[in-house]
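Please walk through this structure with me, one region at a time. Have the 3D view open as you read.

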Amino acid sequence: MRDNAMSYMQISGVRKSFGAYEALRGIDIDITKREFVVLLGPSGCGKSTLLRMIAGLEEIDAGDLMIDGERMNEVKASQRGISMVFQSYALYPHKTVRQNMEFGLKVAGLPRTERQRKITEAAEILQLTPLLDRIPKELSGGQRQRVAIGRAIVREPKVFLFDEPLSNLDASLRMQMRVELARLHRELQATMVYVTHDQVEAMTLADKIVVMRDGVIEQTGAPLEIYRRPANTFVAGFIGSPNMNLLKARVIDSKGGQVQVDAAGIVTEVEVNAMPEAGEAVTLGLRPEHLDPVMEPAARDPALDVVACERLGGVSFALTQLPDGQQLTLQLDGTLPVSAGDRLSCRVRPGQAHLFSAETGHRF
Ligand code: ATP
């Protein structure tokens, strides 16, 4: 679509403190043209603060924010060519959809025909054309969110920023809006930065995910890259649903990039880049979807006592306990007749185990 909606951005060494509290402790992110970047992390990790700094709503204490090669630190919010969509929509309640979208353009002094053209185009993209004369209270949550996005689109920004835009919607509407946002990104070919604590949104929307914790970046990468090779136990536990099992384990043997480990009787081989020592305490990461159940365990198989089984229909999640008391969740085919009190075992799918240092949490 428009060329001006394709900007690149460099964030380097960015810091922010509120009094003595350091909310951001040195952030480096490169965002290429047309990229959809998701800032993901738990509440309080600093992702909204970073987004607000990009928007110009919060001062940058140290470091540089560059858009298309120009330093933006001291540039006023209104001059940055950025549009932000908030969680709360922030629509004018007494203005129609059309007037809500038009307001910013009027303030900017755009002629009427130009305003109309942009509104028509945005309404078409967002399927809002039949709703243009309604006021916000006559709209559903999802439609209101689309108006808020429409207001951003008509400004033809260089970069779109989204701050948890779907968190006020119910689950099915969230899914629908996720699909719409992905389509919008394809159609607009725009650079987008999106904040969320929802890893499903991050996995499904992002070209690149930036996982944050306590004001620092834990890992940056494509969604499947992060899923397949989490850099540490924090990222491993944060990406994936249900969470990856993180078991206390011990190294039995290690040679030639292969490590054999034992976690309460679950013995498995893990491929590694760095070698732990034989006997070393480590953390073994096993995703529930990468454990195959053994329904009739032999005496040598690790015993798993089923504590609870959640049946979702197509799949079930069995929460089990290992002999040493550690818990292990398995994803099972929904047709398997497993319930609390059963005993089963499991096999780790080859190549699907992760190994982390018990001391630092870093991936081996
Ligand atoms: P959430 O998902 O809950 O919005 P977040 O990751 O977006 O969390 P931020 O809103 O960026 O987190 O806040 C990061 C940290 O900075 C938090 O500990 C927060 O309490 C603190 N903080 C944010 N804004 C201010 C402020 N204006 N004054 C003081 N502390 C602040």
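Proline 242 sits in the loop between α8 (233–238) and β11 (245–255). The peptide bond between serine 241 and proline 242 is cis, with omega about -5 degrees. Keep in mind that this is a predicted model.

Two other loops hold backbone angles worth a look. Arginine 34 lies in the loop between β2 (21–31) and β3. Arginine 34 is not a glycine, yet its phi is positive, about 70 degrees. Its relative accessibility is 40%, so arginine 34 counts as partly exposed. Glutamine 127 is placed in the loop between α3 (112–125) and α4. Its phi is also positive, near 55 degrees, and this residue is other than glycine. Glutamine 127 counts as partly exposed because its relative accessibility is 45%.

Now turn to the strands. Strands of a sheet pair through backbone hydrogen bonds, in a parallel or an antiparallel sense. Here, six strands make an open sheet with mixed pairing, in the order β6-β7-β8-β3-β9-β10. At the edges are β6 (82–85) and β10 (216–221), each of which pairs on one side only. On average, neighbouring strands of this sheet are turned by 15 degrees against each other, direction ignored.

Look inside the sheet next. Strands β7 (residues 159–163) and β8 (residues 191–196) run parallel and are joined by five bridges. Leucine 161 has valine 193 in β8 as its bridge partner. Helix α5 (residues 171–188) packs on the sheet and touches β3 (36–40), β7 and β8. The direction of α5 makes about 160 degrees with that of β8.

The side chain of serine 83 makes a polar contact of 3.3 Å with the side chain of arginine 155. Leaving aside neighbours within four places in sequence, serine 83 is in contact with Ala152, Arg155, Pro157, Val159, Phe160 and Leu161.

In soluble globular proteins, nonpolar side chains tend to be buried together. The largest nonpolar core in this model has 46 residues, and Met101, Ile149 and Leu184 touch the most other members. Helix α4 (residues 141–154) gives the largest share of this core, six residues. Which residues does isoleucine 149 touch, not counting those up to four places away in sequence? They are Val85, Leu126, Phe162, Met177, Leu181 and Leu184.

Strands β17 (residues 315–321) and β18 (residues 327–333) pair in the antiparallel sense over seven bridges. Threonine 320 stands opposite leucine 328 in β18. Five residues lie between the two strands of this hairpin. In the turn, glycine 325 has a positive phi of about 95 degrees.

Finish at the ligand. Its surroundings are Phe18, Tyr21, Ala23, Pro42, Ser43, Gly44, Cys45, Gly46, Lys47, Ser48, Thr49 and Glu164. Glycine 46 places a backbone N or O atom 3.0 Å from an oxygen atom of the ligand. Serine 48 has a polar side-chain atom 2.6 Å from a ligand oxygen atom. For glutamate 164, a polar side-chain atom lies 3.5 Å from an oxygen atom of the ligand.

Note on methods:
Residues are numbered from 1 along each chain as its sequence is written. This is a predicted model: local features need pLDDT of at least 70, side-chain atom pairs count only at pLDDT 80 or more; totals for chains, interfaces and linings use all residues. Side-chain values use heavy atoms; hydrogens and water are left out. Two strands pair if DSSP finds at least two bridges between them. Helices (H or I, at least four residues) and strands (E, at least two) are DSSP runs, numbered from the N terminus. Axes are lines fitted to C-alpha atoms, for helices over the stretch in contact, and angles run from 0 to 180 degrees between N-to-C directions. Contact means heavy atoms within 4.5 Å. A nonpolar core is a set of buried Ala, Val, Leu, Ile, Met, Phe, Trp, Tyr and Cys residues joined through side-chain atoms within 4.5 Å. Buried means under 20% relative accessible area, exposed over 50%, partly exposed in between (1.4 Å probe, protein chains only). A residue is near a molecule or strand if one of its heavy atoms lies within 4 Å of it. A polar contact is a pair of N or O atoms within 3.5 Å; within protein, one must be able to donate a hydrogen and the other to accept it, and residues adjacent in sequence count only if both atoms are side-chain atoms.
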